[in-house]
Amino acid sequence: MARLIMRRGPRPGQVFELTRDIVTIGSGTKNDIVILDNDVSREHCRLVRVLADYELEDLKSGRGTFVSGQRISSGWVLRPGSFVELGDNITLEYDRGGDTGANVPVVPQMVFKADGPDPNLHPFLVMTVGVTPGQIYPLKSRTVRIGRDLTNDIVLQDPEVSRFHVTLNWTEKGYQLEDLNSTNGTRLNGQTVAASEPQLLRANDLIQLATMAEFRYTWQPGDVPTASPINTPASGAGRNATKFSTSEVNILGPKRNKQTTSRLGTGLQPGSLVDHIFLTYAREEWEAIAAPLTAILQDAGVKVWVDQYLNQGGDDWMLAVEQALSECWLLVVIVSPTALESRYVRLAYRYFFNREKPIIPLLYTSVDNLPLELASLKAIRYDRQNRRSSFNELIDAIRQRR
């Protein structure tokens, strides 16, 4: 069972079990998790279940909600080991289960000495994607230089990495990441790092150099999952072949890179669904309604994604659905009694509803009562005698929401 563990705050070590699809956090007594602290707003943030994990959303809190040092507003999918900070005073660790109490792992006490990291307690960089995933780099010097030139402290023989790409500079608050006007850029947790704006690193931050090198900044290198080795592309070939986007960092994350997919795979590149609609339906009704609708939508120039050719519930399917939920801008639900009984259909429309993303129900067969998430929406009724007319009405509705 997923849970949050208080690492810093009024009751360190307190465990909050996450059992509901939506969990609210704040200082108000009506929240599911009540934390009494001046930095915590009355309604501070909320968690929305997404498959095996939860998506975190800030509720316009006064002091802010942070994940691994990055302030968030819209949804951020948590992964085991993520640290959630509410203002400056509260730190919660997200965990997917296990024993409570004494067996809960304790985050190391981070010691920041002015003359450099403590030689007995220092952070690491772990390569999660690249030529040697899993390689661990101890960070013990006041300045750590990374780049392609052999004089760097960490040398990356990757044509997309600049000769002198970034430096890590020790401060009284820890390491700061500074881009050295690199040609192909540096990103921290999916956000571009400007050359003139060094960024303070927090535990579990994700650092990306160009497109083919990725590191996790951590104090616990043994807990960092990594991908399989990849071949460095020829110069100029990599930028179009592989791109890392904010959506990939938030939704798939480095833990997903470790998973192996089947020979079929997901067929998706990160960011490839941002202009698509997500069509959800009962699998039993694919041939009768979903397949012809998909063809009509595509003929009309509407980009549509369906999960029909993935093994529902498998790793490939889970990766693809997580990406579709995050990136697709609109959801079409083919409504029928069978569809409404499907937990996968419910997952999709509840996710879009909770994120306030547009949903269009297509009433394929009559139902006694529509779920709350769909009942207030303008639905399109399917006309079996003139289905093309129904499809055209749906296409018009989709275009109006653009």
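Predicted model: local features only at pLDDT ≥ 70, side-chain atom pairs only at ≥ 80, totals over all residues.
Residues are numbered from 1 along each chain as its sequence is written, and side-chain values use heavy atoms, with hydrogens and water left out.

**The chain as a whole**

- The protein chain has 8 helices and 29 strands, where helices (H or I, at least four residues) and strands (E, at least two) are DSSP runs numbered from the N terminus.
- Of its 402 residues, 52% count as buried; buried means under 20% relative accessible area, exposed means over 50%, and partly exposed lies in between, with a 1.4 Å probe and protein chains only.
- Among contacts in the protein chain with a separation of 6 or more, 56% join residues 24 or more positions apart, a contact being heavy atoms within 4.5 Å.
- The protein chain exposes about 19,100 Å², of which carbon and sulfur atoms supply 45%; accessible areas come from the Shrake-Rupley method with a 1.4 Å probe, and for residues only the protein chains shown count as cover.

**Helix α8 and what covers it**

- Helix α8 runs over residues 387-400, and its 14 residues reach 20 Å from the first C-alpha to the last, close to the 20 Å expected at 1.5 Å a residue; the expected span is 1.5 Å times one less than the number of residues.
- In α8 the buried residues are S390, F391, L394, I395, A397 and I398. They cover an arc of only 160° around the axis, which puts them on the same side of α8; the arc is that of the directions from the helix axis to the C-beta atoms.
- The elements that cover these buried residues of α8 include β25 (277-280), α3 (286-299), β27 (330-335), β28 (359-363) and β29 (380-381).

**Helix α3**

- In α3 the residues W286, I289, A290, P292, L293, T294, I296 and L297 are buried, and their cover includes β25, β26, β27, β28 and α8.
- Just after α3, G301 takes a positive phi of about 85°.

**Aromatic rings and charges over them**

- The structure holds 8 aromatic pairs; rings of Phe, Tyr and Trp (its six-membered ring) pair if their centres lie within 6.5 Å, and planes under 30 degrees apart count as stacked, over 60 as edge-to-face and the rest as tilted.
- One of these pairs joins Y281 and W286, which are tilted at 35° between the planes with 5.6 Å from centre to centre. Y281 counts as buried at 4% relative accessibility, and W286 is buried with a relative accessible area of 13%.
- The rings of Y382 and F391 also form a tilted pair, because their planes stand at 35° with the centres 6.0 Å apart. Y382 is buried at 13% relative accessibility, and F391 is buried with a relative accessible area of 2%.
- Ring pairs link F278, W305, Y351 and F352 into a cluster.
- K357 lies over the face of F352 at 4.6 Å from the ring centre, and R384 lies over the face of Y364 at 4.6 Å from the ring centre; a charge sits over a ring if NZ of Lys or CZ of Arg is within 6 Å of the ring centre and within 35 degrees of the ring normal.

**Three residues in loops**

- Y382 lies in the loop between β29 and α8, and, leaving aside neighbours within four places in sequence, Y382 is in contact with I289, L362, L363, Y364, R387, S390 and F391. The C-alpha atoms of Y382 and L394, 12 residues apart along the chain, are separated by 9.6 Å.
- D307 has its place in the loop between β26 (304-305) and α4 (315-327) and is buried, with a relative accessible area of 9%. Beyond its neighbours within four places in sequence, D307 is in contact with Y281, R283, Q312 and W317, and its C-alpha atom is 8.2 Å from that of T280, 27 residues apart along the chain.
- P198 lies in the loop between β21 (191-192) and β22 (199-200) and counts as partly exposed at 34% relative accessibility. Not counting residues up to four places away in sequence, P198 touches Q176, L177 and E178, while P198 and L168, 30 residues apart in sequence, are 9.1 Å apart from C-alpha to C-alpha.
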